[in-house]
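Here is a briefing on one protein structure. Please look over the sequence and the model before reading on.

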Amino acid sequence: MKADWLSCDEALARILAHAEPMPATSVSASEALGRSVAVPVRARATLPAWRNSAMDGFAVRSADLDRYGTGKIRLRVAGESYPGAVPLTGVPPGAAVRVMTGGPIPDDFDTVIRVEHTDGGAEPGFVAILRTDDRAKHVRASGKDMRLGAETVPAGTVVHSGSLPVLLASGCDPVPAYRRPRVGVLSSGDELVGMDRFDLVEAGRGVPDTNRAMIAAAAAEAGAVPVDLGVAADSPAALREKLDSVGEVDALVTTGGASMGEKDLLKRVLLRLDFQLDFWRARVRPGSPVSFGLLPREGTRLPVFGLPGNPASAFVTFHVFVAPYLRARLGSPRPRGTTVEARTDTALTSPSGLTHFFRVRLYRRAEEERPAESDGGCRGGRTSSPAVGTGLRCSLTGPQGSGLVRSLRDADGLAVVPEGVGRIEEGDPVSVLLLPGR
C-alpha cells in the first residue's frame, strides 16, 4: 500500500471535511453538563429587570445631598427595597429608601449610601447620613447582564459550571444540545495484556493494555461517549468479527495494526469490506502511520481512525486528529483546540519534513503575564512577536519515545515544531497545543 504522507494540516483538513454536526436533541439543564449547545440561546427576559443596588444601604437623590450641605444629613426613610421586588414609586423629595444588595432603585434616585456610612436608621423612620463619599455610586443599570432577545449562549458552547447559570438565567430549560457522538474504541494485538493477566507483564511476556482506556478517556474529554469494543487478536478472522459487531457508533477509533508489519492486518481487513481509505500516513511525529477513511455500513459511512499502537503515538494522534473531529461534530467554533505561546527550556529538534509534537509541562515565572491564545492545530514554532515575554515556560515531561507512557502523565500540552522548522532553540517561543483537563 502506497503511503500518502500528507502534511499535518492537509490530513486534519481532510478529516474535518467529514465532520458533519451531530443531530440536535433537547435535554434538561440538569443533564446537559458536558454537552454542546446546538442553537444560539437568547434571553427571555432583561436581567436585571430594574436598576438596582450594588450595596446594602440607603438609596438617595444627589440633589437631596446637595440641599442639606455637608455634615450629618437626616432623611426620612420612605420604604424598603429587596431583590425580586419592583421599584418604589412616588417617593417624595428629601426621603431615602432602605435597600438590600440587588434591590430595585426608584427611577430618579442615583446614589446608594452604604450602610456603614450611616447610622443604620437608629432613629425609627429616619436615617442619618454621616459621609457622602458614595455620591452617584453603587447603582447598577438594568440589563447589565442580559437584555431581552439578546444572544447569551452561542451555538457550540459546552455546558459547564459557568455556562449553565447563563442558560438558566436566559430561561433555557430544556437545553437544545447536540447528541454526543458514540465512539467505538478497539485495540488490536496479541501482545496486549489486561489487568487480569498482569502476571504476564511481570514475567516480561506481554504489554499492558493501556490504549483502550486512554482513548476512551480522551473521547469523553472531547464530549463523546466511548464504547469499549475490546481487543482483537492478530488474525483476519478475529478482526473481521470485531468489525462486524461494532454496533451503533458514530465513529470508530482503532489502535494498533496501523503500519506495514507482518501482524499489521487491520487496514487489509478493512479494505476487504469496501473501506474507502482517505489517507494513510501523515508527516507527523510521533504517529506517522495514522489513517482515516469511511466504512460503508447500513446505508451510512462510518468514519474510521487508525491510530498507531505505541501509546504516545496513539495519544498524540488522537488529540491532533480525532479530538478536533469530535469537537467539530459537536459544533465547536474552535475544533482544532487552543494553543498558547511559551518559551522552551530545552532546544527542540526535528526533521524539517515533519510536524513534531513534544509532550511538555507548562509553568510560569513570577513576572508572568497572561499568554496570547490562538486556534490550535498543526501550526506553531517561531514567532516574530515582541510580546512573548509572558513568563510562560514549557519543559519536556521526560523521554519522548513513542512507546513510553510516563511522559503522558505530566503533559499540559503538545509543543509544536512545525514542518520546515528543524530546531527551536532553548529560550525561544514555541506554540503549545493545550490538552483538556489540565
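Predicted model: local features only at pLDDT ≥ 70, side-chain atom pairs only at ≥ 80, totals over all residues.

Residues are numbered from 1 along each chain as its sequence is written, and side-chain values use heavy atoms, with hydrogens and water left out. Helices (H or I, at least four residues) and strands (E, at least two) are DSSP runs, numbered from the N terminus.

**Sheet**

- Five strands make an open sheet with mixed pairing, in the order β7-β4-β6-β5-β8. Two strands pair if DSSP finds at least two bridges between them.
- At the edges are β7 (111-114) and β8 (126-129), each pairing on one side only.
- From one strand to the next, the twist averages 40 degrees. Axes here are lines fitted to C-alpha atoms, for helices over the stretch in contact, and angles run from 0 to 180 degrees between N-to-C directions.
- Strand β4 (residues 57-60) pairs with β7 in the antiparallel sense, over four bridges. Valine 60 has threonine 111 in β7 as its bridge partner.

**Salt bridges**

- Side chains of opposite charge can pair when their charged atoms come close. A salt bridge here is a side-chain nitrogen of Lys or Arg within 4 Å of a carboxyl oxygen of Asp or Glu. The structure holds 19 of these salt bridges.
- Glutamate 10 and arginine 14 form one, at 3.3 Å, N to O. Both residues lie in helix α1 (residues 8-16), four residues apart, about one turn of the helix. Glutamate 10 is partly exposed at 38% relative accessibility, and arginine 14 is partly exposed at 27%. Buried means under 20% relative accessible area, exposed over 50%, and partly exposed in between (1.4 Å probe, protein chains only).
- Arginine 67 and aspartate 64 meet at 2.2 Å, N to O. They sit three residues apart in helix α2 (residues 62-68). Aspartate 64 is buried at 1% relative accessibility.
- Arg61, Asp64, Arg67 and Asp108 are linked in a network of salt bridges.
- Arginine 179 and aspartate 250 meet at 3.1 Å, N to O. This pair links distant parts of the chain, 71 residues apart: arginine 179 is in the loop between β11 (175-178) and β12 (182-188), and aspartate 250 is in the loop between α6 (236-244) and β16 (251-255). Arginine 179 is partly exposed at 30%, whereas aspartate 250 is buried at 16%.

**Helix α5**

- The buried residues of α5 (residues 211-221) are Asn211, Arg212, Met214, Ile215, Ala218 and Ala219. They fall within an arc of 165 degrees seen down the axis, so they line one face of the helix. The arc is that of the directions from the helix axis to the C-beta atoms.
- Their cover includes β12, β15 (225-232), β16, β20 (300-307), α8 (311-329) and α9 (406-409). Contact means heavy atoms within 4.5 Å.
- Just after α5, glycine 223 takes a positive phi of about 100 degrees.

**Aromatic rings**

- The whole structure has three aromatic pairs. Rings of Phe, Tyr and Trp (its six-membered ring) pair if their centres lie within 6.5 Å; planes under 30 degrees apart count as stacked, over 60 as edge-to-face and the rest as tilted.
- Phenylalanine 279 and phenylalanine 292 form a tilted pair, 6.5 Å centre to centre with 35 degrees between the planes.
- Phenylalanine 305 and tyrosine 325 are both buried.
- Phe279, Phe292, Phe305 and Tyr325 form one aromatic cluster.
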